[in-house]
Amino acid sequence: MQNRNAVRIDAEARARIVQRVEHDHIHILALELATPEELELVRKYAYTVNDVLKEFFLERGLRLIDFKIEFGIADGQVLLADEISPDTCRLWDVETNEKMDKDRFRRDLGNVEETYLEVFRRVQE
């Protein structure tokens, strides 16, 4: 397997991670972008990231709805190479269900900068 590109899997809540990986794995394997063992590591890492982020955000009054993470493979190592921000995940306020993420911009809900600053304030706690 030479000249492999990065493998990207978008995960929407824990229950959908497996579905997405199972769907995409056919293409990933066919194109020799990753081995079955590497895909299993991606799945394992995605579950771990999901569990950690859900707890982290919940402790700060935010519900993690979904998130996007990108993996790459370098020198035989599966690497998580991404950021976590309101642009890479959807966060809703636990009490009000207010959208605290990129949907504020997409849906023209207003107060994008103020909302992102509120998310920043909460994660700094």
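The model is predicted, so local features need a pLDDT of at least 70 and side-chain atom pairs count only at pLDDT 80 or more, while totals for chains, interfaces and linings use all residues. Residues are numbered from 1 along each chain as its sequence is written, and side-chain values use heavy atoms, with hydrogens and water left out.

## Confidence

Start with pLDDT, the predictor's confidence in each residue, from 0 to 100. The chain averages 77. A score of at least 70 is reached by 74% of the residues. Residues 1–8 stay under 50. The model still gives this stretch 24 contacts beyond four places in sequence. A contact means heavy atoms within 4.5 Å. Residues 10–19 are also below 50, with 18 contacts beyond near neighbours in sequence. Where pLDDT is low, the predicted coordinates should not be read in detail.

## Overall layout

The chain has four helices and four strands. Both are DSSP runs, numbered from the N terminus: helices are H or I with at least four residues, strands are E with at least two. From the N terminus on, the order is β-α-α-β-β-β-α-α.

How much of the chain is buried? Buried residues make up 38% of the 125 residues. Buried means under 20% relative accessible area, exposed means over 50%, and partly exposed lies in between (1.4 Å probe, protein chains only). Now take the contacts between residues at least 6 apart in sequence: 54% of them join residues at least 24 apart.

## The core

A nonpolar core is a set of buried Ala, Val, Leu, Ile, Met, Phe, Trp, Tyr and Cys residues joined through side-chain atoms within 4.5 Å. The largest one here has 18 residues. Leu-53, Phe-57, Leu-62, Leu-64, Phe-67, Ile-69 and Leu-91 touch the most other members. Helix H2 (36–58), strand E2 (62–74) and strand E4 (89–93) each give two or more residues to this core.

Look at Leu-62. Leaving out residues up to four places away in sequence, Leu-62 touches Phe-57, Leu-91, Trp-92, Asp-93, Val-94, Met-100, Val-119 and Arg-122.

## Helix H2

Does the length of H2 agree or disagree with its residue count? The expected span of a helix is 1.5 Å times one less than its number of residues. For the 23 residues of H2 that gives 33 Å, and the end C-alpha atoms are 33 Å apart, so the two agree.

The buried residues of H2 include Leu-39, Val-42, Ala-46, Val-49 and Leu-53. Charged Glu-38 is also in this helix. Its relative accessibility is 10%, so Glu-38 counts as buried. A polar atom of the Glu-38 side chain lies 2.8 Å from the backbone nitrogen of Thr-35. This is a polar contact: a pair of N or O atoms within 3.5 Å; within protein, one must be able to donate a hydrogen and the other to accept it, and residues adjacent in sequence count only if both atoms are side-chain atoms.

At 16% relative accessibility, Arg-60 counts as buried. A polar atom of the Arg-60 side chain lies 2.8 Å from the backbone oxygen of Phe-56. Not counting residues up to four places away in sequence, Arg-60 touches Arg-122, Val-123 and Glu-125.

## Aromatic pairs

The structure holds two aromatic pairs. Rings of Phe, Tyr and Trp (its six-membered ring) pair if their centres lie within 6.5 Å; planes under 30 degrees apart count as stacked, over 60 as edge-to-face and the rest as tilted.

| Pair | Type | Centre to centre | Angle between planes |
|---|---|---|---|
| Tyr-45 and Phe-71 | stacked | 6.4 Å | 25 degrees |
| Phe-56 and Phe-57 | edge-to-face | 5.3 Å | 75 degrees |

Tyr-45 lies in helix H2 and Phe-71 in strand E2, so their pair ties together parts that are 26 residues apart in sequence. Tyr-45 is partly exposed at 30% relative accessibility, whereas Phe-71 is buried at 2%. In the other pair, Phe-56 is partly exposed at 28%, and Phe-57 is buried at 5%.

## Two asparagines

Asn-97 is not a glycine, yet has a positive phi of about 65 degrees. Asn-97 sits in the loop between E4 and helix H3 (103–106). Asn-97 is partly exposed, at 39% relative accessibility.

Asn-111 also has a positive phi, about 55 degrees, without being a glycine. Its loop runs between H3 and helix H4 (112–124). Asn-111 is partly exposed, with a relative accessible area of 48%.
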